[in-house]
Amino acid sequence: MSALLPFLVVLLVIAVAAYHRWSLAVFCAVAAAALVAVGLSGLAPIANWIVAGLLAVVVLPLLLTPIRQNLVTAPLLKFYTKILPPLSDTERTALEAGTVGFEGELFSGAPDWQQLLSQPKPTLTAEEQAFLDGPVEEACRMTNDWETTHVHADLEPQVWEFLKKNKFFGMIIPKEYGGLGFSALAHHKVIQKLSSISSVLSSTVGVPNSLGPAELLLHYGTEAQKRHYLPRLADGREIPCFALTGPTAGSDATSLPDFGIVCEGEWHGARVLGVKLTFDKRYITLAPVATVIGLAFRLYDPNRLLSDEPDRGITLALIPRETPGLHIGRRHFPLNCTFMNGPLHGKEVFLPLSQLIGGEEYVGHGWRMLVECLSVGRAITLPSTSSGGVKIAAAATGAYARIRKQFGLSIGRFEGVEEALARIAGNTYAISALAQATAAAVDRGEKPAVPSAIAKYHTTEMAREVCRDAMDVHGGKGVILGPSNYLGRSWQAAPISITVEGANIMTRSLMIFGQGAIRCHPWVLKEMQAALHPDPAIRLREFDINLFGHIGFAISNAVRSLWMGFTFAAFGKAPGDDYTRRFYRRLNRYSANLALVADTSMLTLGGKLKFKEKLSGRLGDVLSQLYIASAMLKRYEDEGRPVSERPLLAWAFHDSVFKIENALSGALRNYPIRPVGWLLWLLVFPLGRRAQAPSDRLGHRAGALLMSPSDARDRLIDGVFLSPCENNPAGRVNAALAAAVLAEPVERKFQKAIKGGEITALDAQQQLVEAVNRGLITAEEKLQLEELRRLTWDAISVDDFEHEDLVAASLVRGEKSGDTRRAA
């Protein structure tokens with residue numbers, strides 16, 4: 001046994017060095033010291049010398065840079081360049097666009113949590129808060145979603161004018177150009193609140209402040225373009241749209257069939273050099289009312305009027321609505337969500353070069369421009385819309401579940417309903433934290449390509465689940481459309497968010513891990529760039545540094561995964577308080593797991609990995625849930641670690657880690673190379689899977705928070721339109737909660753008297769009168785119960801209509817005129 005001691009000592013030093021990521025030199029020094037100690041003990045001298053010799057033969061050449069580069073790095077570099085998967089211009093642009101923030105730490109296997117926690121708490125300026133409390137509140141009060149969607153199929157004219165007058169379309173435009181110059185956080189808060197009353201309202205405001213002419217001009221426009229268009233966009237004189245998607249180029253936007261030919265033409269009476277455009281676009285939000293159209297197309301210069309290159313690549317232009325040859329089509333009708341959306345097309349539409357965004361300098365750079373701007377817009381608009389939708393759903397559903405009674409009991413007390421309420425509460429907590437996190441990243445100057453894809457995919461998917469649960473709890477109240485219904489349009493519109501700005505299937509299976517594996521990895525992109533460097537000496541030197549950094553990184557994550565799997569991540573340095581420290585430790589484990597499996601997948605599958613979309617999707621889920629859990633912990637810290645929020649944080653966190661282990665399990669059980677999958681399983685799950693879905697006890701605590709007024713509930717639903725006015729039935733139901741809770745003791749006393757035979761009247765009102773006369777309740781309590789009945793009736797009422805009210809107005813007009821033509 002003593003003969004094995006030197007081997008065990010070196011293995012232990014290797015494990016400790018790998019776990020703590022010591023340099024090779026430090027490892028050698030510690031290992032040598034350990035072997036000297038073994039030698040001085042007199043135990044196994046021969047074995048000790050053998051181990052020391054083996055260590056010297058293996059390690060010393062690696063410490064000597066010239067020897068390492070010639071014997072090891074050079075052959076590996078030659079092999080690497082052969083297996084390096086070719087990248088298309090599209091993929092290269094996507095990889096190089098954007099920045100890497102804290103998501104890079106989550107890919108490291110040992111996140112630096114201080115980097116996250118040191119970020120300042122996102123806050124609004126006084127001006128931004130005043131805008132939310134003033135114009136945004138007023139816009140919500142003015143908007144009647146039933147009238148918008150069923151009667152007018154549009155926002156009412158006075159709402160449009162109000163939005164223009166108060167510069168809602170210019171939130172991202174700096175004040176120097178006449179805009180509001182708001183932060184991304186304010187942008188997020190505005191969209192969140194607007195979406196809680198009407199998705200038509202929020203999308204109408206969101207699109208001009210997202211990917212479109214304003215943002216593109218801000219980043220790439222010429223000074224003349226900025227001076228002309230930005231003030232007009234800010235005050236609503238110009239309504240923008242951006243035309244990217246076409247019938248044959250949706251997610252594959254780089255295969256645009258729309259083209260422009262460089263030529264001379266007439267523009268405002270002068271002969272100028274420009275572009276003749278032919279295009280066919282659809283699904284373009286605001287196209288029916290747009291006055292300036294942003295267009296993506298492929299530019300060709302067959303006569304070499306601009307350069308010697310005939311195919312100049314994807315380019316962006318601005319087309320005024322009145323331009324000859326531009327045709328705005330009829331409206332699309334996206335699932336009864338009547339925001340302005342439609343097709344447009346043009347044939348040989350001439351524009352001068354001055355209408356190209358950024359001018360001639362940015363010809364051919366359109367795809368990069370779109371990718372960089374899309375990461376910002378995707379980080380705010382749809383996550384904020386989802387956040388507003390789930391918050392109002394949580395507020396109304398929790399109140400409804402307390403007010404609505406069956407079998408003499410609030411329906412929220414039934415365990416089946418309670419289970420749905422817990423999911424609503426937990427998912428709302430996660431969505432709101434994630435939406436705020438990506439907005440804060442934009443305010444820090446990041447272009448969060450990977451986090452924005454995570455936020456877009458997961459907020460819209462979770463919002464759909466929240467809406468489904470809310471519909472189940474409301475039952476008939478949720479399915480009968482009308483002015484009293486506050487869920488039906490959201491349920492109808494949920495798939496819209498799923499499909500736009502990159503379909504969710506594509507976002508999950510291709511984008512999140514596809515970009516994250518290279519962009520967020522500390523070594524892979526550096527290795528790729530080093531291997532492609534034109535200078536041989538620099539290429540070898542840089543590849544050597546990154547290669548051995550990567551090797552040490554991989555060994556470290558294997559050791560960390562195994563150790564934390566055996567100990568269930570119960571040990572190790574972590575921030576937080578006594579309650580959350582275990583959460584950070586578990587995320588440390590899953591970060592190491594992700595890095596290990598991702599590294600192994602890139603090594604064993606190479607270029608084939610991008611075609612393994614199921615594997616990519618599952619690993620993307622791991623990265624996503626790590627980011628979501630981090631956002632929730634940051635929110636908890638920013639709020640001052642409120643004890644009352646712990647059920648929400650715990651439910652959402654356990655849901656996330658359960659999804660992480662489920663995704664890792666699915667990836668390893670279905671790993672394309674089975675022996676590799678088995679080995680990874682031993683490292684990732686040495687004692688099997690242990691994460692569980694949130695418990696029933698935890699679900700009870702989370703669901704109960706929605707049904708009782710509290711500071712935790714107020715924080716969860718903060719930022720949405722809750723004013724109990726006529727056009728806000730969800731706000732009225734939420735406002736009724738406090739009164740319903742206060743009246744419950746009186747109601748129980750009253751119902752007990754009825755069941756006990758002390759009240760004999762059958763009519764509901766007469767029962768109250770008899771109860772007062774018999775001294776069972778006071779006159780004040782009678783008024784309280786009458787108010788409770790009024791609030792309850794308002795909460796449970798549904799609408800009904802005359803048949804004629806539901807027949808399309810255009811059909812009614814056609815019948816009266818004898819013309820019943822069917823629309824093509």
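**Exercise 1.** Find the salt bridge that Glu 465 forms, and describe its partners.

Solution. Step 1: Glu 465 pairs with Arg 468, their closest N and O atoms being 2.9 Å apart. A salt bridge is a side-chain nitrogen of Lys or Arg within 4 Å of a carboxyl oxygen of Asp or Glu. This is a predicted model, in which local features need pLDDT of at least 70 and side-chain atom pairs count only at pLDDT 80 or more, while totals for chains, interfaces and linings use all residues. Residues are numbered from 1 along each chain as its sequence is written, and side-chain values use heavy atoms, with hydrogens and water left out.

Step 2: Glu 465 and Arg 468 are separated by about one helical turn because they lie 3 residues apart in helix α17 (residues 449-474). Helices (H or I, at least four residues) and strands (E, at least two) are DSSP runs, numbered from the N terminus.

Step 3: Glu 465 has a relative accessible area of 29%, so Glu 465 is partly exposed. Arg 468, at 32%, is also partly exposed. Buried means under 20% relative accessible area, exposed over 50%, and partly exposed in between (1.4 Å probe, protein chains only).

**Exercise 2.** Is Glu 637, a salt-bridge partner of Arg 641, buried or exposed?

Solution. Step 1: the closest N and O atoms of Glu 637 and Arg 641 are 2.7 Å apart.

Step 2: Glu 637 has a relative accessible area of 18%, so Glu 637 is buried. Arg 641, with 34%, is partly exposed.

Step 3: elsewhere, salt bridges with shared partners link Arg 423, Glu 465, Arg 468 and Asp 469 into one network.
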